[in-house]
Amino acid sequence: MKHLLWVFTLLLLSDSLLAQAPSGYQMPPKAIADLANAPQPPALRINSSREWMMLMERPGYPSIEELAQPELRLAGLRMNPRTNGSSRSYSYSSLTLKHMDSGRTFSVSGLPDAAQIENLSWSPDGKRFAFTITTQKGIALWTGTVADKSASPLTDSRVNDAMGGTPYDWIGSDQILVKMVPKDRGERPEEILVPAGPVIQESAGQKTTLRTYQDLLENPYDEDLFEYYTTSELVMHDLEKGTSKPFAKAGMIAGASPSPNDQYIMVETIHRPFSYLVPYYRFPTTTEVYDLDGNLVKLIDEQPLIEQLPKGFGAVPEGKRRISWRDDQPATLYWVEAQDGGDPQREVDVRDKLFYWSAPFKDGEVKAGLDFELRFSGIVWGNASTAIAYEYWWATRNIKTSLFTPGKPDSKKVLFDRSYQDRYSDPGSFETTYNEFGEQVLLMADGGRTLFLTGQGASPEGNRPFVRTFDLKTSETEELWRSEAPYYESPAFILDAKKGLVVTRRESPDDPPNYYIRNWKTGDLDAITDFPHPYPALAGIEKEVVQYQRKDGLDLQGDLYLPKGYNPETDGPLPVIMWAYPREFKSKGDAGQVQGSPYEFVRLYWGSPLYWLTQGYAVFDQVAMPIVGEEDEEPNDYFREQLVGNAEAAIDVLAERGIADRNRIAVGGHSYGAFMTANLLAHSDLFAAGIARSGAYNRTLTPFGFQSEERTYWDAPEVYYTMSPFMHADKVNEPLLMIHGEADNNSGTFPLQSERMYQAINGLGGKARLVMLPHESHGYRAKESIMHMLYEQDAWLEKYVKNREVKP
């Protein structure tokens with residue numbers, strides 16, 4: 001008996017060891033790893049004169065050692081205390097100048113080896129460029145010129161990039177204003193291990209909506225750290241004279257922006273009291289304007305701490321909002337103010353109102369502008385007589401585009417009034433050009449009568465990007481050019497409207513994206529770049545945009561990829577990976593519209609399911625998962641039924657064509673797609689297995705709304721319960737692989753979500769595997785993490801999908 005007990009114990013131990021092995025980071029099959037390691041094409045920046053292009057080489061994935069550097073998570077920011085910069089930024093490794101006309105290229109000299117280049121921008125005149133380089137010692141600002149084709153450091157390694165964004169601004173083309181760590185900052189605050197007392201918070205007795213933010217401040221020591229690392233001093237550098245001088249006063253500077261005429265600087269500074277409930281961008285702020293000598297000209301605004309907002313997605317704070325410079329004026333500020341108390345539930349005729357204030361910002365000279373029936377969204381300035389305004393309303397998905405004359409509050413003329421979910425009716429975006437201030441304003445022709453529109457051109461045949469004119473007097477459009485099969489070609493910007501020149505990005509299923517100069521008058525096409533095919537192993541795969549219907553008649557679609565040379569008649573059904581992300585709609589017509597294009601190049605990224613084309617799978621990617629609630633109905637009231645109906649329709653169309661083996665189909669998704677995956681396993685038996693990455697599974701942990709759900713848990717507890725796969729973990733009877741970054745910063749997708757879901761499935765006797773990736777956030781960065789993620793997914797698919805044993 002003792003012998004049998006010993007054998008049984010050994011078997012249990014062996015099973016446990018097998019469940020944990022192998023240890024450490026693992027590699028996927030070579031074909032997958034090679035694709036994941038394929039080089040990415042350079043990023044591009046074109047100067048204002050349209051003469052020069054900067055090609056910025058992207059390095060491969062960083063190592064886990066780089067990702068494991070010290071990190072502070074404070075008030076919604078993640079920063080590296082060693083560099084005083086963002087700990088999650090992306091960088092470039094080298095720079096190359098390319099002349100647009102001749103095509104000649106020049107490597108920018110003077111750069112250190114293995115440089116971490118970020119924040120590149122051109123000077124307004126296009127003759128200089130600036131960027132930051134990060135080292136272990138900190139961040140330095142570098143500058144270079146087109147004439148020299150070289151760069152050198154402008155500052156020491158004290159640039160403060162803790163709040164993200166670009167930590168410097170061009171003042172004209174000869175001066176740069178830089179956020180620097182104060183020279184007299186002193187030592188980092190010392191943590192006092194013995195607390196002075198409890199941390200206390202008290203509600204004000206008012207209803208509000210608080211999303212489940214990550215990385216919030218938790219105690220007085222966090223407050224001190226936040227202030228220490230975000231405090232900056234502004235320094236003005238004169239590139240011609242080679243001088244520098246302090247500008248204005250130090251503080252927690254969120255941003256500094258020059259007026260178009262470069263005579264004034266608007267500075268936004270954060271202040272105490274801080275909050276333990278909301279991120280830094282809702283802390284108290286002061287907005288001030290200074291002259292070029294750093295003298296205070298005017299206090300523009302003071303905003304208090306914003307911990308409470310009215311309920312609803314259209315809720316905004318009271319007071320001045322979105323203070324900015326008008327691009328078409330030398331020095332005029334504009335902003336909007338809510339006229340409904342910021343409350344979307346309040347019935348009013350005017351939601352927001354526009355205001356202007358011109359230099360020298362004298363009291364009593366603020367002028368009123370447009371009224372907005374909906375919530376203000378933005379303005380594209382043109383000149384003193386022409387500008388375009390946007391406003392939207394979440395509840396109806398309505399967006400309005402209007403023409404107006406800035407000096408005439410009653411001049412608004414609605415040009416487009418539509419649902420922003422109706423892609424077929426999207427008129428596109430108005431094109432811009434640079435004005436005398438170096439700011440981008442509306443591109444006009446015919447004495448200001450004609451504007452230009454570019455857009456994706458969604459249609460039942462797929463996206464067909466276009467360039468059009470828009471007549472301001474007749475509101476009629478004329479198509480100048482539109483993408484045609486077998487290519488997918490999209491306009492980047494209009495180079496010369498008179499000559500009919502536009503820079504486009506052109507691709508096909510077999511040709512990687514490259515940039516061209518197209519003449520829409522003559523049809524001429526001249527290549528600017530010649531990037532090679534990055535994925536030779538995928539050459540020859542088949543892509544098809546498959547269209548089908550749900551049982552209720554709703555039109556659906558997905559991108560189907562088949563391995564090279566596959567023939568369903570001779571090769572038989574394949575194992576399938578179905579990858580998707582649910583989206584909510586207020587109209588069946590909008591939900592059923594065709595998206596994407598069959599002529600786009602196959603793009604890979606770290607989380608793509610397309611790697612498994614090399615392993616004999618068919619991949620059904622971007623499978624439509626619309627959840628529709630029309631008129632007064634809420635989409636999520638029917639989430640489960642519509643989700644399962646979407647999946648059934650997708651499986652049916654592939655199985656009926658002989659492509660899919662119904663017994664060997666996996667479903668997967670990231671974030672809300674992971675939430676979808678767990679729900680499909682819980683409420684259907686359609687899939688052999690699932691892969692859920694960085695998801696949320698218990699909606700009671702996001703009680704004040706999630707995704708497009710405005711209602712709180714207390715408004716609709718049955719919806720939160722019904723939609724939460726955690727509440728139905730006992731029904732998850734197919735194997736579920738869950739992967740999650742231990743440092744997830746996304747609102748709502750706490751790592752705890754995956755941990756608790758795994759514990760539930762495990763405790764209820766289900767089959768699940770939980771993989772927690774050290775140092776990774778909502779998206780994954782480190783090469784080791786990505787390779788291991790691919791390894792895990794491949795092993796899961798091989799075991800539970802491709803080689804699944806089906807019981808008779």
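1. In this predicted model, Ala-114 is an exposed residue, its relative accessible area being 73%. Ala-114 lies in the loop that runs between β7 (105–107) and β8 (117–122). Although Ala-114 is not a glycine, its phi is positive, at about 50°.

2. One joins Arg-272 to Pro-273, with omega near 5°; Pro-273 is placed in the loop between β16 (264–270) and β17 (285–291). Another joins Ala-359 to Pro-360, with omega near 10°. Pro-360 is found in the loop between β21 (352–358) and β22 (367–372).

3. Helix α10 covers residues 751–763, 13 residues in total. From the first C-alpha to the last, α10 reaches 19 Å, which is close to the 18 Å expected at 1.5 Å a residue. Its buried residues are Pro-751, Gln-753, Ser-754, Met-757, Ala-760 and Ile-761. The elements that cover these buried residues include α8 (672–683), β46 (736–741) and β47 (768–773). After α10 comes Gly-765, with a positive phi near 90°.

4. Helix α8 also packs with helix α7 (residues 639–656), the two axes lying 10 Å apart at an angle of about 85°. Because of that angle, α7 is roughly perpendicular to α8. By class, the contact between α7 and α8 comprises eight nonpolar, two polar and one charged residues.

5. How much of helix α11 is buried? Of its 20 residues, 15 are buried, so α11 is largely enclosed by the rest of the structure. This helix spans residues 783–802 and reaches 26 Å from its first C-alpha to its last, close to the 28 Å expected at 1.5 Å a residue.

6. Helix α4 (residues 220–230) is mostly covered, with eight of its eleven residues buried. Tyr-221, Asp-222, Glu-223, Leu-225, Phe-226, Tyr-228, Tyr-229 and Thr-230 are the buried residues of α4. These residues pack against β3 (72–74), β4 (77–80), β14 (232–238) and β15 (243–258).

7. Within strand β9 (residues 128–135) lies Thr-134. Thr-134 has a relative accessible area of 15% and is therefore buried, the cut-off being under 20%. When neighbours within four places in sequence are left aside, the contacts of Thr-134 are Thr-83, Gln-116, Glu-118 and Ile-139.

8. The count of aromatic pairs comes to 37. In one of them, the ring centres of Tyr-280 and Tyr-281 are 5.6 Å apart and the planes stand at 75°, so this pair is edge-to-face. Tyr-280 is buried at a relative accessible area of 17%, whereas Tyr-281, at 52% relative accessibility, counts as exposed. Another edge-to-face pair is formed by Tyr-713 and Tyr-720, with 5.7 Å centre to centre and 90° between the planes. In that pair Tyr-713 counts as partly exposed at 28% relative accessibility, while Tyr-720 is buried with a relative accessible area of 0%.

9. Ring pairs also build a cluster, whose members are Tyr-264, Trp-325, Trp-335, Phe-355, Trp-357 and Phe-361.

Key:
Residues are numbered from 1 along each chain as its sequence is written. This is a predicted model: local features need pLDDT of at least 70, side-chain atom pairs count only at pLDDT 80 or more; totals for chains, interfaces and linings use all residues. Side-chain values use heavy atoms; hydrogens and water are left out. Helices (H or I, at least four residues) and strands (E, at least two) are DSSP runs, numbered from the N terminus. The expected span of a helix is 1.5 Å times one less than its number of residues. Buried means under 20% relative accessible area, exposed over 50%, partly exposed in between (1.4 Å probe, protein chains only). Contact means heavy atoms within 4.5 Å. Axes are lines fitted to C-alpha atoms, for helices over the stretch in contact, and angles run from 0 to 180 degrees between N-to-C directions. Angles under 35 degrees count as roughly parallel, over 145 as roughly antiparallel, 65 to 115 as roughly perpendicular and the rest as oblique. Ala, Val, Leu, Ile, Met, Phe, Trp, Tyr, Cys and Pro count as nonpolar, Asp, Glu, Lys and Arg as charged, and the others, Gly among them, as polar. Rings of Phe, Tyr and Trp (its six-membered ring) pair if their centres lie within 6.5 Å; planes under 30 degrees apart count as stacked, over 60 as edge-to-face and the rest as tilted.
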